[in-house]
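Hi,

Here is the structure I promised to pass on.

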Amino acid sequence: MAGEKGFIGSIDQGTTSTRFIIYDHDARAVASHQVEFTQFYPEAGWVEHDPMEILESVKVCITKALDKATADGHNVDGGLKAIGLTDQRETTVVWSKSTGLPLHKAIVWMDARTSSICRRLEKELSGGRSHFVESCGLPISTYFSAMKLLWLMENVDAVKDAIKKGDAIFGTIDTWIIWNMTGGVNGGLHVTDVTNASRTMLMNLKTLNWDEDTLKTLAIPAEILPKIVSNSEVIGEICKGWPIPGIKIAGCLGDQHAAMLGQACKKGEAKSTYGTGAFILLNTGEVPIKSGHGLLTTLSYKLGPQAKTNYALEGSIAIAGAAVQWLRDSLGIIKSASEIEDLAAMVESTGGVYFVPAFNGLFAPWWREDARGVCIGITRFTNKSHIARAVLESMCFQVKDVLDSMNKDAGEKGSLNNEKGEFLLRVDGGATANNLLMQIQADLMGTPVVRPVDIETTALGAAYAAGLAVGFWKEEDIFESGEKSKNSKVFRPAMEEATRKKKVESWCKAVERTFDLADLSL
């Protein structure tokens, strides 16, 4: 790649862990460090993080990665040009701008405590569940930040009092980290980027500003909201007290948008990231497409203050890799996540077992908050290998459901196929190291799955954004380089069409069994 020698750093703050990766000018990772942090489950359906623990995890990761790079002979101290940041989206923090302390734990994107607020708004507002779709592209759902912010405003006295005193500020995790890294109580910058803002329900997709009508309807004060910036621009410099003071923060994207950039997805190209959840995004170009099939209209990226905005259709799946964690941590069927591939490979099929991980409801394309997890088709023949394989299949079926909706929404707007007439799904995320999972995905879709050599494209996307902002890379380096795809692994479908059709029908039956189960008595 072109660009002067040096390095770009990338903070990748995910749902269960934080990483810091250092890239050279060829976009190769030269050092990294990862730290897991605590997940809090105070009630059924509730998920929280400690914002202070997240900050500490960022500090540790930067320090350790720098130490590793230096030990390997890289002059990162003198050559680090900028850092980018990518984060778990929607997760909501409200804190005191005078003390710098959170007023409540962060409410995580998958948390479902706001279901009663959502139902209330659906009844009160003329447009029902779709009342805000025209402005923000999103339905009323527990998923998005605005509902979590309303819950904090209605239920936490410290938040109510701080808002009255003008001492409260709100942000998603990117905003919380940047505010602290640029000074905190001593002039920290209160900003977010267009992709994270697009997931709050509060930003107008066309103007890329906070929507005044939405704020008025929800009674959310504008003064607690951060300034919205593009994904690739110099935001500010890291302050003293952090491991790399004086270094520019020059890129910021929500994790799924960062993966789009890391995969160099242009108009008509889609990617699926397999992490705690699974997230499928299709770049629809410079015009937002309204979904008629249960998908979200959102942003791909905006690579500079004056750059054109690329939009996307997104299908969000709440539980993907989290189901594997559930097998490990709650059921003890496996001791590590990596064991699931060998366990599932011990059988050739699920033996008629179908597992739907609707732990906190179902996201796209179903949007059923009353859904709960089911495992059906169990017989005396069923063993833990069948269950493990059914868990892997559940991830793939959910991705297929989303892609089917994408083809309905965007297929008629422009072909999603390559010159061979194939639809290629780019994949990334830790779970894609599982070859069996990738083969199952290709089989159930009936189309090829392409896995890059570097499957951690989220951190790479944030690095690209920062590198573009400081002239380390140019856009053609990212979007026109053929090198990235040369060594990609392609999984091609091997399942017969009749078998695929029958399995999809069975899966749909299983999904229907999850509906209306939220009120089951204990």
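Just after α7, Gly 183 takes a positive phi of about 135 degrees. Keep in mind as you read that this is a predicted model.

The helix itself is mostly covered: nine of the nine residues in α7 are buried. Among them are Asp 174, Thr 175 and Asn 180, along with Ile 173, Ile 177 and Ile 178. Both of its tryptophans, Trp 176 and Trp 179, are on the buried list too, as is Met 181.

**Aromatic pairs**

Trp 95 belongs to strand β6 (residues 92-96) and Trp 176 to helix α7 (residues 173-181), so the pair ties together parts that are 81 residues apart in sequence. Buried or exposed, these two tryptophans? Trp 95 has 0% relative accessibility, so it counts as buried. Trp 176 is buried as well, with a relative accessible area of 0%.

Phe 397 and Trp 507 make another pair: their ring centres lie 4.9 Å apart and their planes sit at 10 degrees, so this one is stacked. Here helix α13 (residues 384-410) supplies Phe 397 and helix α18 (residues 497-513) supplies Trp 507, so the pair ties together parts that are 110 residues apart in sequence. Phe 397 counts as buried at 1% relative accessibility, and Trp 507 counts as buried at 1% too.

There is also a cluster to look at on screen. Ring pairs link Trp 109, Tyr 143, Phe 144, Phe 279, Phe 363 and Trp 367 into it.

**Charges over rings**

Two spots here. The charged end of Arg 368 sits over the ring of Phe 515, 4.0 Å from the centre of that ring. Lys 105 lies over the face of Phe 40, with 4.7 Å to the ring centre.

**The sheet**

Seven strands form an open sheet, with mixed pairing, in the order β15-β16-β14-β13-β19-β20-β21. At the edges are β15 (296-301) and β21 (489-491), each of which pairs on one side only. From one strand to the next, the twist averages 30 degrees.

Within that sheet, β14 (residues 278-285) and β16 (residues 310-317) run antiparallel, and seven bridges join them. If you want a landmark, Gly 285 stands opposite Tyr 311 in β16.

**Cysteines**

How many disulfides does a search of the whole structure find? The search finds zero. For Cys 61, the closest cysteine sulfur is in Cys 252, 17 Å away, which is too far for a bond. Cys 239 also has its closest cysteine sulfur in Cys 252, at 16 Å, and that is again too far for a bond. As for accessibility, Cys 61 is buried, with a relative accessible area of 0%. Cys 239 is buried too, with a relative accessible area of 18%; the cut-off for buried is under 20%.

That's what I have for now.

Cheers

Terms used: Residues numbered from 1 in each chain as written. Predicted model: local features only at pLDDT ≥ 70, side-chain atom pairs only at ≥ 80, totals over all residues. Heavy atoms only, no water. Pairing = 2+ DSSP bridges. Helix = DSSP H or I, 4+ residues; strand = E, 2+ residues; numbered from the N terminus. Axes fitted to C-alpha atoms, helices over the stretch in contact; angles between N-to-C directions. Buried < 20%, exposed > 50% of the residue type's maximum accessible area, 1.4 Å probe, protein only. Phe/Tyr/Trp six-rings, centres within 6.5 Å; stacked < 30°, edge-to-face > 60°. Lys NZ or Arg CZ within 6 Å of the ring centre and 35° of its normal. Disulfide = S-S within 2.5 Å.
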